[in-house]
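Dear colleague,

Please find below the structure that I am handing over to you.

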Amino acid sequence: MKTTHKIVRIFALVFLCALVTAPAFAQSKQEVAASMRDRHPALMAAKDKGQVGEAWTGLVGLVSANAPAAVQKLVDAENHDRKQLFRIIAGETSASMQEVARQNRIRMYRLAKDHHFVQDANRNWVKKKDLGQ
């Protein structure tokens, strides 16, 4: 009988944890956008310093592997939100996540300032102004 109670308690605990953490995994489009909006000034500062660039994948990346830990954390948070947003948009439009990411890459390259880094087709980091040369 004690074993049964333990199993029930464990199941109840797992179920409760799932209920509590589910909203964290199922963010709405508005929540993801708000998170990205809050992070935008720091992301732009990192881009202006040449630490972060727009990657070929539609995500952001570290231009230099020796960037501070805070910049890596910024990149990780931004990419997490971008992937969430790609997933949401793909579900809304019936496009694949890869297509949504590709469209985001195109959009972000257009929005990049000339001195910001982007990846070229060979996945090399170049300044936007040097991309077509």
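Sorted by class, the residues that line the largest pocket comprise 11 nonpolar, three polar and five charged ones. Please bear in mind that the model is a predicted one.

The lining of this largest pocket counts 19 residues in total, and those nearest its centre are Met-36, Glu-78, Asn-104, Arg-107 and Met-108. The space within the largest pocket amounts to about 440 Å³. Three helices, α2, α3 (69-93) and α4 (97-111), each contribute at least two residues to the lining. Helix α2 provides the largest share, namely seven residues.

Helix α2 spans residues 29-48 and includes Arg-39. Is Arg-39 buried or exposed? Its relative accessibility is 11%, and because buried means under 20%, Arg-39 counts as buried. Leaving aside residues up to four places away in sequence, Arg-39 touches Leu-74, Ala-77, Glu-78 and Asp-81. With Asp-81 there is also a polar contact, side chain to side chain, at 2.6 Å.

As for the chain as a whole, four helices and four strands are present, and their order along the sequence is α-α-β-β-α-α-β-β. Of the 133 residues in the chain, 32% are buried. The chain exposes about 8900 Å², of which carbon and sulfur atoms supply 61%. Finally, when contacts between residues at least 6 apart in sequence are considered, 50% of them join residues at least 24 apart.

Yours sincerely,
A colleague

Notes
Residues numbered from 1 in each chain as written. Predicted model: local features only at pLDDT ≥ 70, side-chain atom pairs only at ≥ 80, totals over all residues. Heavy atoms only, no water. Buried < 20%, exposed > 50% of the residue type's maximum accessible area, 1.4 Å probe, protein only. Polar contact = N/O pair within 3.5 Å; in protein donor to acceptor, adjacent residues only side chain to side chain. Contact = heavy atoms within 4.5 Å. 1 Å grid on protein atoms, 1.4 Å probe; cavity = no way out; pocket = protein on both sides within 12 Å on 5 of 7 lines; lining within 4 Å. Points joined across faces, edges and corners; volume = space filled by probe spheres on them. Nonpolar A, V, L, I, M, F, W, Y, C, P; charged D, E, K, R; others polar. Areas by Shrake-Rupley, 256 points an atom, 1.4 Å probe, with all protein chains shown as cover.
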